[in-house]
Structures are given as structure tokens and as C-alpha cells.
Amino acid sequence: MRRLLLILAVIGVLVFAVTRCTSGGSAPRDVEVVVAPGSSLTAAATALEKAGAIDSAGAFLTEAKIFGGSDPIKPGEYLVKKGMDAGDILALLQSGKVLQRFVVIPEGLPSILVHERLMATKLLTGDVAVPAEGSILPEAYAYVRGESRKSVVARMQKAMQTTLANAWGARKATTAVTTPEAAIILASIIEKETARASERRLVAAVYTNRLKRGMPLQADPTTIYPVTKGKPLGRRILKSELAADNGYNTYQRNGLPVGPIANPGKAAIEAALDPAPSNALFFVAQGDGSSAFADTLEQHNANVQKWYAHRRANGEM
């Protein structure tokens, strides 16, 4: 009889524990929860309850003690998804699969706008200076709540250093640049001159041919850069801006400008170091997002007239 009573008592305890655990139910909605560094399981349970991921911290702790594994929980921000029960949540905290957020840097974004994007990302912390132009690799970067902006910039710059080193090691003899720094400058111009992947190496060929012949690049984006630091100009280039000699104006001096005018992506860097086999020296927009390339000035002038005709037909001139 005593043995029977003991068995019944144990069953009762187990039923009570399970009842307490399951009484908390499952997460009613997706909930973001931060487990601070050094948090105990009790502190984590309190945070979960406060966030609304569980109904009862006590019930969660009971289940953790009875059914949970021995692995410690890990700090970070977690996404507790709707429907997760206490066991699922405990496993999540033990896995260390923290919630990742992303800040996206598009190809060709100038550093002044990279800075603005980072400062507008509210869950990052601390201030950071505007990064050196051309030092950021455009990419989607994961970050966690509370991470410093400086650490994110450091990862962006490390990614650029690695990408540039790899591309430089694979450069072709046909490139016109002689240093990795020059490759970034040329790639930044290519990035601003075309949004079409199929045209990058052709644009690179035009500027490579001009550099090798000692011709001015005559790239509008380099003229605009000193005026806006890479932001859109929003108007036509002024004659005074075309006449300015400021180190960036490639209408006034031969060769590359004194520095990058944007943060080029991997494809633009590779194009600068492996231009297409082409004799083209000119290109102009065609009105459909693509460009018309020409080997001679006569061909180029004909392409320009077609472009003007397109603009007139659309009421742009």
C-alpha cells in the first residue's frame, strides 16, 4: 500500500509539474526578447514573461528543470515565434540562434549616405565618422541589437579589403590601373556610370582605353562628386562646375580623379581589373537604361543625336 501511495504521489508531482508548464500555453505572437549577458535562467524567464512570450516564468522554470537539457542559455536577442511552447523556447535560448537584422548597402552608395543609413539604424549604438570613400563593400550586413556602428563599419571595411585583395590577385594584364587604390577609383566611376551588369566591362573598356591613350575620362559623376559628395545633383551640371579644377573633374585633367566617388561593388572592381576586349572610346545613353558604345567620335556623335531625338520625343528637351 505504501509503495502504491508513493507511486501515486510521484505521478501527482509529475502531473502537477506538467500542468504548470503547459498552463503557460504557447507564444501568442512573434515576440522579440533580449537575454542580457550573464543572465541566469531565472532572469531569462522573467524577461520572457515581461515580453509576453510566456505566461508564467515559474512554469517555464519548472519545465526547464524537469525536461530541459543541461546546456546553458546564451545571451542575445531572440525571435520567439508564435506557437512556440516552453520547450521550444528553452531550446532556442540554448542554441544561441540570435535574431539577425540587416543593414543593406547598395552598390555605388557614397560614404556620406552609408553614414546616414547607419545613423538611421536605431538599434545600433554609438556614433561613427563618415567612412573613407571607397572603403565600404556594398553588401547586406547582419547586426544584432545594441551592436556599435563602429564595429559594423569595421566589418564592412574588412570585407572590402578582402574583396579587393582577391580581385587584385586575379587582375588581367589589360587593366590600365597599377595599384589597388586606383582600381577602387576606376571601379567607383564604372559603378556610377552604369546600372547594367552586362555593361560594366564595356564601360571599363572605354575608360581603360582612354587612360592608355592619355585622353581625359570626361566622366560626369566625377565632376558632380565635389559638389554633392556623391548625393544626387538634381539638376544639370553648370558650366562653372565643368571648368572647375578640383582634383575630381575629369574634363579638366587627364587620368583618374584623386579619389573614389562612391563605394563600388565586387562586380565593378572586377570589371576595372578585367575590361572587355573593345576599342570603344565613347558611350552615351540610349533612353532605355542601356548605353550605345562607339569607337570613333563620328559614331559617338551619331549616337548622341539619337539620344537627343529620344529626349525631344519624350518632351525632355
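**Pockets and a hairpin**

The lining of the second largest pocket divides into eight nonpolar, two polar and two charged residues, where Ala, Val, Leu, Ile, Met, Phe, Trp, Tyr, Cys and Pro count as nonpolar, Asp, Glu, Lys and Arg as charged, and the others, Gly among them, as polar. This is a predicted model, in which local features need pLDDT of at least 70 and side-chain atom pairs count only at pLDDT 80 or more, while totals for chains, interfaces and linings use all residues. Residues are numbered from 1 along each chain as its sequence is written, and side-chain values use heavy atoms, with hydrogens and water left out.

**Second largest pocket**
- A pocket is an open set of points on a 1 Å grid over the protein atoms alone, where a 1.4 Å probe fits, with protein on both sides within 12 Å along at least five of seven lines, and lining residues have an atom within 4 Å of a point.

**Largest pocket**
- The largest pocket holds about 1400 Å³ of space, and among its 35 lining residues Asp-220, Ile-237, Tyr-251, Val-284 and Trp-307 are the closest to its centre.
- Helix H12 contributes the most to this lining, with six residues.

**Strands E5 and E6**
- Strands E5 and E6 pair in the antiparallel sense over four bridges, pairing being called when DSSP finds at least two bridges.
- Five residues separate E5 and E6 in their hairpin, and Gly-287 in the turn has a positive phi of about 100 degrees.

Notes. Helix = DSSP H or I, 4+ residues; strand = E, 2+ residues; numbered from the N terminus. Points joined across faces, edges and corners; volume = space filled by probe spheres on them.
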